[in-house]
Amino acid sequence: MEKWFNVGKVVNTHGIRGEIRVISRTDFPEERYKIGNTIYFFQNDKANPLELKIKSHREHKNFNLLTFEGYDNVNDVEFMKGGLLKVPESFLGELAENEYYFHEIIGCKVVTVEGEELGEITEILTPGANDVWVVKGKDKSEILIPYIEEVVMKVDVEEKVVVIEPMEGLLS
C-alpha cells in the first residue's frame with residue numbers, strides 16, 4: 001500500500017483564473033510545486049485522489065498559489081477548498097548528509113549529551129537562517145531547539161532519537 005505525505009492544505013481560491021491558496025507543509029516548496037510536477041488532491045469523502053499537473057506556482061504573503069492544467073477558472077477549483085495536496089513516498093528524493101524530511105524528525109525523542117530526556121519534537125519552524133525544532137517537554141512546556149551544528153550532535157531517524165548539547169540559556 002502506498003504511503004502518502006501531506007505537502008499542503010487548500011484554504012481558498014485566489015482570483016478568477018483557477019488559482020488556489022495553499023498553506024504549504026512541504027520541506028521543499030520550490031521543488032514540490034515546480035511547473036510540470038504531479039501532485040495529488042485528497043478530499044475527505046473521496047476514496048481515490050485526483051491527479052493534478054502543476055501549471056503555475058508563485059508565493060503571495062504566507063501562501064503558495066498554484067494552478068493546474070485543465071483547471072482554468074475559479075469555478076473549476078472551488079471544490080478543492082479544505083482538501084489536502086499529497087505526494088506518494090516514491091516522489092521523495094534522496095537528501096544530502098545531515099538533511100532530513102520533516103516527517104523523519106517530528107516524533108523524535110530529544111535527549112542531552114548527558115542523557116537527560118527533554119521531550120519529543122512536535123513541530124518544525126522555518127523562520128530563516130536555520131530550522132527550529134519545537135520540543136514538547138514532559139511538563140508540557142515547549143523548548144525551541146535551533147538546528148545548528150553547535151547544538152544538534154546526533155540525529156538517528158531509525159531510532160527516532162536526537163542528541164543535543166544545549167547552549168547556555170537554551171533550557172532555562
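Biologist: What makes up residues 103-170, in terms of helix and strand?
Modeller: That stretch is 4% helix and 49% strand, with its end C-alpha atoms 24 Å apart. Here helices are DSSP runs of H or I with at least four residues, and strands are E runs of at least two, both numbered from the N terminus. Mind you, this is a predicted model: local features need pLDDT of at least 70, side-chain atom pairs count only at pLDDT 80 or more, and totals for chains, interfaces and linings use all residues. Residues are numbered from 1 along each chain as its sequence is written, and side-chain values use heavy atoms, leaving out hydrogens and water.

Biologist: Which UniProt annotation covers residues 103-170?
Modeller: An unreviewed UniProt entry annotates them as "domain: Ribosome maturation factor RimM PRC barrel". Positions follow the numbering used here, feature names are shortened, and annotations may be inferred rather than shown by experiment.

Biologist: How is the protein chain divided into domains?
Modeller: Domain 1 takes 4-91 and domain 2 takes 102-164, with bounds from an automatic or database domain assignment. Their C-alpha centres lie 30 Å apart.

Biologist: How do you know that β9 and β10 pair?
Modeller: Two strands pair if DSSP finds at least two bridges between them; β9 (residues 132-137) and β10 have five, so they count as paired. They run antiparallel, and V132 has P146 in β10 as its bridge partner.

Biologist: Why do β10 and β11 stand at the edges of their sheet?
Modeller: The open sheet of six strands has the order β10-β9-β8-β7-β12-β11, with mixed pairing. β10 (142-146) and β11 (152-156) each have a single partner strand, so one side of each is left without a neighbour in the sheet. From one strand to the next, the twist averages 30 degrees, using lines fitted to C-alpha atoms (for helices, over the stretch in contact) and angles from 0 to 180 degrees between N-to-C directions.

Biologist: Which strands form the closed barrel?
Modeller: Six strands, running β1-β2-β5-β4-β3-β6 with antiparallel pairing. The twist there averages 50 degrees from one strand to the next. β1 has six bridges to strand β2 (residues 19-24), and T13 stands opposite I20 in β2. Five bridges join β1 to strand β6 (residues 84-88); K9 partners L84, while F5 stands opposite V87.

Biologist: What makes something a pocket, and how big is the largest one here?
Modeller: On a 1 Å grid over the protein atoms alone, a pocket is an open set of points with protein on both sides within 12 Å along at least five of seven lines; lining residues have an atom within 4 Å of a point. Of its 35 lining residues, R25, T26, D27, F102 and T126 are closest to the centre. The lining draws at least three residues from each of domain 1 and domain 2.

Key: On a 1 Å grid over the protein atoms alone, a cavity is a set of points where a 1.4 Å probe fits but cannot get out, and a pocket is an open set with protein on both sides within 12 Å along at least five of seven lines; lining residues have an atom within 4 Å of a point.
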